[in-house]
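Visitor: I would like to learn how to read pockets, cavities and helix packing in a model. Please take me through one case.

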Amino acid sequence: MRYPRDLHGYGPDPNVAWPDQACIAVQFVVNYEEGGENCVLHGDAASEAFLSEIVGAEPWPGKRHWNMETIYEYGARAGFWRLHRILTDRHVPVTVYGVATALQRSPAQVAAMQSAGWEIASHGLKWMEHRDFTAEEERAIIAEAVRLHTIVTGEPPRGWYTGRCSENTLDLVTATGGFDYISDSYADDLPYWHEHADRHQLVIPYTLDANDMRFATAQGFNSGDQFFSYLKDSFDMLYAEGLAGSPKMMSIGLHCRLAGRPGRAAALARFIDYVKSHEKVWLARRIDIARYWADAYPFRPADDRPSRLSEADFVARFGGVFEHSDWIARRAFARELSPAHDTATGLSAALTAVFRGSSEAERLGVLNAHPDLAGKLAQAKRLTESSTNEQASAGLDALTDRERERFATLNSAYVEKFGFPFIMAVKGRSKDEILTAFEDRVGNDRNAEFETACRQVERIAALRLQDMLPG
């Protein structure tokens, strides 16, 4: 019962920094797909139907689609060079997502990329869906993409982005090895590490929103002004977060046949000029971000995370969080755990769910497992270490005779009335606050006090976990 998706990530306050205390890392990607799209000339079963000016395009099985082909040709013949001029004139570092077969058919464009110092990452072998391939088939396609990319560019790709990927892509690329990063993820505004089969792989998430592909989708941009406005708003928000101490990364996705059109390219140029008008902006290639991140925030094994532990280790570590009730930890272990439960907040939720879902008799057993406050067990020094520390933090180990007598009287009255000891999360509370709560709660009816005591048990467990885990 292990849920593999990480819905927690870095949490509310990522503690990261960019070089020279930059407020934001801005990264431009030029997708080079022209000549690698679906086409019967390329041995494909049908024509391309994705990301073009043709609204609602469908594949033409066994036929060439002349309009589609020429739209893609525009990207290679004109759009690429327009983007190249805009980006190089403004000294913007660029990462290219290059489809291997497209690069092979465009030697002049590849030479221009390399002359400009652009990083050429792999965008797969062909611009096609990978969702229906078996893992073995996709593994072979990845290997062939790397082989051809290396022949065409003179060196193997250090970055990978399939785009039209499968559920296996990230793990397959991780297992392949040799990549500084993979970008088949949209999960964050920051890089993160992925683990698979005893390997780790840096992931630099990409974007589908700050992306000119929305000129070719039903819910998208229809003018350069909309494109500029969205990019500007995205930049402004992330820049403000960076100024406030939480810097992020912004990716901008471009396609030669889309953003390379004049009316859209003009908006791109305005946005670049706007970005460059700000201080503390790190314009970088993705490979630069990857190398910085790997050095500043290297992968660290986390085999001691709760969701990674064996049952024996999990129970040994967390079985006492609910006082003398390790059955709660055992049941939590048998349920769904994920990276979201590897924090104090997350594991508290998992354990508390077991407690709340148990029978009234079982919860009563947990209540009765707790010691009286300043009671006989405390005087005999027979409390658990956690209870000893908690009571000591509130000064209950240093009571006057009068205070001790008052606690004894209240304890007796409370247990006689409710059938379980008075329970309160005393950490950070004063003796006077505890006594006041004690005197107030002894007047409750049994049902109300049972629920109050259960909430206090949950609070105690949460505070204990805060001392044991981050977040």
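Visitor: Which element gives the largest share of the lining of the largest pocket?

Guide: First the idea. On a 1 Å grid over the protein atoms alone, a pocket is an open set of points with protein on both sides within 12 Å along at least five of seven lines, and lining residues have an atom within 4 Å of a point. Elements are DSSP runs numbered from the N terminus: helices (H or I) have at least four residues, strands (E) at least two. Here E6 gives the largest share, 4 residues. Strand E6 (192-196) and helix H5 (169-176) each supply at least two.

Visitor: What kind of model is this, and how are residues numbered?

Guide: It is a predicted model: local features need pLDDT of at least 70, side-chain atom pairs count only at pLDDT 80 or more, and totals for chains, interfaces and linings use all residues. Residues are numbered from 1 along each chain as its sequence is written, and side-chain values use heavy atoms, with hydrogens and water left out.

Visitor: How many residues line the largest pocket, and which lie nearest its centre?

Guide: The lining has 44 residues, with Asp-6, Tyr-192, Trp-193, Arg-305 and Pro-339 nearest the centre. By class, 21 are nonpolar, 8 polar and 15 charged. Ala, Val, Leu, Ile, Met, Phe, Trp, Tyr, Cys and Pro count as nonpolar, Asp, Glu, Lys and Arg as charged, the others, Gly among them, as polar. The pocket holds about 1800 Å³ of space. A volume is the space filled by probe spheres set on grid points, joined across faces, edges and corners.

Visitor: Which domains contribute to that lining?

Guide: Domain bounds come from an automatic or database assignment. Domain 1 (19-297) and domain 2 (311-468) each give at least three residues. Their C-alpha centres lie 54 Å apart.

Visitor: What lines the largest cavity?

Guide: In a cavity, a 1.4 Å probe fits but cannot get out. The count is 1 cavity of 30 Å³ or more. The largest cavity has a volume of about 110 Å³. Its lining includes His-370, Phe-422 and Arg-464. Helix H14 (385-393) and H17 each give two or more residues. H14 has the largest share, 3 residues.

Visitor: At what angle do H12 and H17 pack?

Guide: Axes are lines fitted to C-alpha atoms over the stretch in contact, and angles run from 0 to 180 degrees between N-to-C directions. Helix H12 (residues 360-369) and helix H17 (residues 446-468) pack at about 65°, axes 10 Å apart. Contact means heavy atoms within 4.5 Å. Among the residues that meet are Leu-364 in H12 and Phe-450 in H17.
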